Amino acid sequence: MPRHSGRFPTLAPAMGVHHPQNRDVSRRLISLTAVVGARPNFVKMAPILEEAGRRPAFHCRLIHTGQHYSPQMSETFFDELGIAAPDVNFEIGSGSHTVQAAGVMLKLETELNERRPGVVLVVGDVNSTMAAALVASKLGIPVAHVEAGLRSFDRRMPEETNRLVTDVLSDYLFASEPSGVTNLLAEGVPKERIFLVGNVMIDTLMKYRDKAAKTGVLDRLGLESRKYAVATLHRPSNVDGMDQLASLVNMLTELSRHLPVVFPVHPRTRERMEIARLTECGLILTEPLGYLEFLRLTSEARLVLTDSGGIQEETTILQVPCLTMRENTERPITIEQGTNRLVGTDPKDILQAALDTLDAPPRFLAAPEFWDGKASCRILDVLERSLAGKESATAEFLQLPVCKQLQSA
Ligand code: UD1
């Protein structure tokens, strides 16, 4: 059974996010249903909803599938990012991927049949993303996918299946980096559907970076700027097997002889660490942190070690060295231009890479194109132009060379 607390923040008008009066207004031209389910979805959807709330053409409805439900995995993000309470929460909770996807599908079908929105917008690659795209597509409702085209080429990752299914069903494919465009074209997606718009997660980062600086998380954890490392682990391939998890935690303990290591622990990981008695490990273990505290923590870190997708992107913009504890990444631009490095999952290799990085941090080349805080504007420009049939006042990006190049490729 889902353990959703049932409490969501009330609307925070001061934050300027989509106001209720922006919702049920029949003269609005585009009825957009946004679907979120898991922690990274909230960070990506927040700036899109905020921008849509500013545009008279959009009437938004927000569905939370309830895939993530613990207050610190969900509600905190709504609070901190000023996202208004969802119109509906399906409360599907935890379960096998089939149980989660089927739960979303059954409830979303009823919702979409009743409302018949003009477009369903999904973000990222979690189970809720894929399930929502499948239902909307079957009902003939256009699907817009934000973060389209990313590929690890590793079908063992559940997210890779979710990305492939979502993209094949989507009508608007919004790519965050050029590899996304290349992958989609190689898979035969018509170029007219693909838009390189940049990274909505970076829209949120840029908006909240100053606010994050005021959180006091470093003092709370007894840390000094640039004198600690941050680690996160939650991929099933790293944490579900007890031997692999133990060897990675031991490696982090070894690293903590050189500098303090803060480890905000995902619930999936916490459960396994407790079973394997790994919690007395000499690391600074915390509950999952909220968005602002985590942003501050990574901003000031000397080194980040992670198996997350989004953190590879955030550290790129923060110019903080990142070691990705995976064999592959679907975000190659973070390595080509940013401070990210793939170090695999062998603890010896990771430790060596960490020590090397402390001695000689990687050089940051340049921020990826369109990771500039305006990705949400570009997305809504495209949707407004296409669905409301009118030229958007802020659509200058459609004239940019990269878009022209795409349209004529
Ligand atoms: C999901 C996404 C993953 C994303 C991650 C971000 C899929 C396939 N995976 O993985 O891509 O990177 O979210 O966190 O969609 N749990 C709680 N409270 C919660 C949510 C989960 O305690 O609010 C615990 C439960 O024990 C649950 C486990 O975490 O069984 C895993 O949750 P789940 O949503 O299945 O996958 P994540 O590992 O969070």
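In the predicted model, an oxygen atom of the ligand is 3.3 Å from a side-chain N or O atom of Glu-271, a polar contact being a pair of N or O atoms within 3.5 Å. For Gln-67, the distance from a side-chain N or O atom to an oxygen atom of the ligand is 2.9 Å. A polar side-chain atom of Arg-268 is 2.7 Å from a ligand oxygen atom. Arg-268 is also listed, with His-68, Tyr-69, Ser-70 and Glu-159, as coming nearest among the 19 residues around the ligand; a residue is counted there if one of its heavy atoms lies within 4 Å of the molecule.

Residues are numbered from 1 along each chain as its sequence is written. Because the model is predicted, local features need pLDDT of at least 70 and side-chain atom pairs count only at pLDDT 80 or more, while totals for chains, interfaces and linings use all residues; side-chain values use heavy atoms, without hydrogens and water.

Two packed helices are described by the angle between their axes and the distance between the axes. Helices are DSSP runs (H or I, at least four residues), numbered from the N terminus. Their axes are lines fitted to C-alpha atoms over the stretch in contact, and angles run from 0 to 180 degrees between N-to-C directions.

Helix α7 (residues 200–212) packs on α12 at an angle of about 85°, with the axes 9 Å apart. The two helices are therefore roughly perpendicular, a term for angles of 65 to 115 degrees. In contact (heavy atoms within 4.5 Å) are Met-201, Thr-204, Leu-205, Tyr-208, Arg-209, Lys-211 and Ala-212 of α7 with Tyr-291, Leu-292, Leu-295 and Arg-296 of α12.

Helix α12 (residues 291–299) also packs with helix α13 (residues 310–318), at about 55° and with 10 Å between the axes. This angle makes α12 oblique to α13, oblique being what remains after angles under 35 degrees (roughly parallel), over 145 (roughly antiparallel) and 65 to 115 are set aside. On the α12 side the contact involves Tyr-291, Phe-294, Leu-295, Thr-298 and Ser-299, and on the α13 side Ile-311, Glu-314 and Leu-318.

Helix α3 (residues 97–115) and helix α4 (residues 127–138) pack at about 40°, their axes 8 Å apart. The angle makes α3 oblique to α4. Among the residues that meet are Val-104 and Leu-108 in α3 and Ala-131 and Val-135 in α4.

Conventions
Polar contact = N/O pair within 3.5 Å; in protein donor to acceptor, adjacent residues only side chain to side chain.
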